[in-house]
Amino acid sequence: MREVYLDYSATTPVKQEVLQEMLPYFCEKFGNASSLYTPGLEAKSALDHAREQVAELINAKPTEIYFTGCGSEADNWVLYGVADAYKEKGNHIITTVEEHHAMLHTCEYLAKHGYEITYLPIDAEGRLNLQDLENAITDRTILISCMLVNNEIGTVHPIKDIAAIAKKHGILVHTDAVQGLGNVPIDVKDMGIDFLSMSAHKIYGPKGVGALYMRKGIRIPNLIHGGAQEMGKRAGTENVPGIVGFGKAAELARLNFAQHVEHASRLRNLLAEKIVAEIPDVMINGEMEERHPGNLNVTFKYIEGESILLLLDQYHICVSTGSACSSKSLKPSHVLAALGVSDELIHGTVRFTTGDFTTEEDIDYVVECLKKVVKTLRDLSPLGPDKGWK
Ligand SMILES: *Cc1c(COP(=O)(O)O)cnc(C)c1O
């Protein structure tokens, strides 16, 4: 049976070229990058090279890239770091209702410790209103943080405009770019960003490696204390193979950018067209223009996304409901709720993400299986247009 993975926003497979770069650093070139003999220096120079590769993808300087254990760590670091370093200036942070839980739960923690958090709303299409941002700023605001690309509905936000507003008020600006990296153009200098979070496993690199871009000249306290790794800013013996893999994945993302975007969006659009044409009572969430190239978020009325997911799994098709993080809880997705989608409809929502290994045949197969699955579930459902329910 065909196996189709349409959950590239949850994670991506490591590309062969990436794996090949990583392999020598497990057994042969296993040196600790802090050691002064040759194998240590080899590991150190591998880290330097990866730092250049990641920096180049976002037009940063290599010395502005700090490797972390994941994207979540980069998000945590910025929030704790700015909250601590700027506490004399103020205790107010502005973010959005649709952030990843790595941001939201850290904000909730800070709120318990005296910080005030403003969560900007999104409209029914997933967009932010920049006037809301202007209105939220006070003289106690120390950080504005908005994700570059939403992980559930794929909306791309105007970070350059947001950064311009932050600059005008002398406020630092962070973006969680984990979903944006490799999917939308990123130039931290042009965009005027102070902090940017990244993760390797969303761009065909390994899991357990992330990075924080921190603009030169900014100082925030460390999150992980210990040795002098990462220019003294992030302790812990570096994950050399993982970082080497992140570097290679970043290089490939830069070189294949146009091709990746064209491929993912063409297949995503094909999937959207076929679903809308062949399955009744569906609704696409989020605007289609400023959107992650691979993201498609669809509500199938009268049935549950969780059931669709499990039945599709029997056809060896991988999709997710809303976001991977909320799929283990029964809480409706906070992002769809922020769009104004009702709880019943949120429960019928599935997120598909196409990527570099998706083919047209995959899309045909998924739509065929989806038609069967949706019909089966709707036949069983007490809800529906011809069942006296709406
Ligand atoms: C995946 C993701 C993260 C978390 O990255 P990890 O490396 O898995 O910790 C953070 N933010 C967004 C938007 C994500 O999609």
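Predicted model: local features only at pLDDT ≥ 70, side-chain atom pairs only at ≥ 80, totals over all residues.
I looked up tyrosine 109 and found a relative accessible area of 38%, so this residue is partly exposed; the term lies between buried, under 20%, and exposed, over 50% (1.4 Å probe, protein chains only). Residues are numbered from 1 along each chain as its sequence is written, and side-chain values use heavy atoms, with hydrogens and water left out.

I then turned to ring pairs. Rings of Phe, Tyr and Trp (its six-membered ring) pair if their centres lie within 6.5 Å; planes under 30 degrees apart are stacked, over 60 edge-to-face, and the rest tilted. I noted six aromatic pairs by this rule. Tyrosine 5 is partly exposed at 27% relative accessibility, whereas tyrosine 8 is buried at 7%.

I next examined tyrosine 80 and tyrosine 109: the planes stand at 75 degrees and the centres are 5.8 Å apart, so this pair is edge-to-face. The pair links distant parts of the chain, 29 residues apart, with tyrosine 80 in helix H4 (residues 71–85) and tyrosine 109 in helix H5 (residues 101–112). Helices are DSSP runs (H or I, at least four residues), numbered from the N terminus. Tyrosine 80 is partly exposed, at 28% relative accessibility.

I recorded a cluster in which ring pairs link Tyr5, Tyr8, Tyr204 and Phe357. Lysine 15 lies over the face of tyrosine 204, 4.3 Å from the ring centre; the rule requires NZ of Lys or CZ of Arg within 6 Å of the ring centre and within 35 degrees of the ring normal.

Notes
Helix = DSSP H or I, 4+ residues; strand = E, 2+ residues; numbered from the N terminus.
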